[in-house]
Amino acid sequence: QIENIMLLETQRGCPYHCAFCYYNKSHAGLVFADQSRVVEAVQWACDQGIGELFLLDPSLNVRPDLRDLLHKIHRINRGKRLAIFSEIRAEGIDAELADLFADAGFKGFEIGLQTTHPPALKVMRRTTDIERFLSGTRLLKANGISVAVDLIMGLPADTPSAFRKSVDFVAENDLDEDVQLFPLTVLPGTEFRRRHKDLGLIFDPHPPYAIERSMIFSI
């Protein structure tokens with residue numbers, strides 16, 4: 001607990017294998033905290049009058065018992081005094097799940113779009129269904145849940161004009177209330193780090209290993 005904010009990790013590992021990310025390299029497979037422990041933690045937060053709860057899971061909607069868990073959180077947090085935030089893949093959101101999140105007291109999600117440029121998505125090994133992404137974000141917003149969209153600058157195969165199109169996409173679809181722009185970080189242990197010479201990535205050798213330029217993009 002920090003200044004009336006509680007941080008809670010309920011999942012380790014990630015089913016996705018994005019070439020820029022180290023998270024799925026640090027944990028083999030997926031491990032989830034037992035549902036009863038999560039419910040107990042949420043109950044404690046409510047009993048203590050905690051204002052905000054951040055679930056630190058890299059993608060909350062891969063949890064297999066998520067819908068059942070949300071029903072239980074709703075029963076605990078009926079007055080929605082506890083505002084809950086997390087990170088999610090927008091393509092996994094349907095109308096029922098968006099309603100469940102709102103009923104449970106979720107107020108915001110960080111969502112990694114990264115880019116809309118197909119060649120950049122391919123080289124980073126990320127499958128993004130743009131139409132489902134838009135559907136998911138719109139369902140969340142319709143339920144009063146804020147959306148923070150992440151974009152990465154300097155991805156291999158991305159160009160300045162393509163990156164501008166990604167920014168325009170966010171603005172044109174009314175997703176620009178909270179946009180987080182990050183330079184690519186070429187982290188040790190990631191595919192991009194192993195392939196940095198082939199991909200033409202020039203980066204700062206010191207943490208956080210921020211990209212300086214690629215074959216077609218200068219930061």
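Two strands are taken as paired where DSSP finds at least two bridges between them. In this predicted model, six strands form an open sheet in the order E1-E4-E5-E6-E7-E8, with parallel pairing. Strand E1 (5-8) and strand E8 (179-183) are the edge strands, each pairing on one side only. From one strand to the next, the twist averages 20°. Within the sheet, strand E4 (residues 52-55) pairs with E5 in the parallel sense over three bridges, and Glu-52 stands opposite Ala-83 in E5.

Helices lie across the strands. Helix H2 (residues 35-47) lies across E1 and E4 and runs at about 175° to E1. Helix H7 (residues 160-172) lies across E6, strand E7 (146-153) and E8, and its angle to E7 is about 175°.

Helix H4 (residues 95-104) has as its buried residues Leu-97, Ala-98, Leu-100, Phe-101, Ala-102 and Ala-104. The cover over these buried residues includes helix H3 (66-76), strand E5 (83-87), strand E6 (106-114) and helix H6 (130-142). At the N-terminal end, H4 is capped by Asp-94, a side-chain oxygen of which lies 3.3 Å from the backbone nitrogen of Glu-96. Gly-105, with a positive phi near 105°, follows H4.

The largest nonpolar core has 43 residues, of which Phe-101, Phe-106, Phe-109 and Leu-140 touch the most other members. Leaving aside residues up to four places away in sequence, Leu-140 touches Ile-93, Ala-98, Phe-101, Phe-109, Ile-111, Ile-145 and Val-147. Another core, of 16 residues, lies apart from the largest one and includes Ala-19, Leu-155, Leu-201 and Ile-211.

Methods: Residues numbered from 1 in each chain as written. Predicted model: local features only at pLDDT ≥ 70, side-chain atom pairs only at ≥ 80, totals over all residues. Heavy atoms only, no water. Core = buried A, V, L, I, M, F, W, Y, C linked by side-chain atoms within 4.5 Å. Buried < 20%, exposed > 50% of the residue type's maximum accessible area, 1.4 Å probe, protein only. Contact = heavy atoms within 4.5 Å. Helix = DSSP H or I, 4+ residues; strand = E, 2+ residues; numbered from the N terminus. Polar contact = N/O pair within 3.5 Å; in protein donor to acceptor, adjacent residues only side chain to side chain. Axes fitted to C-alpha atoms, helices over the stretch in contact; angles between N-to-C directions.
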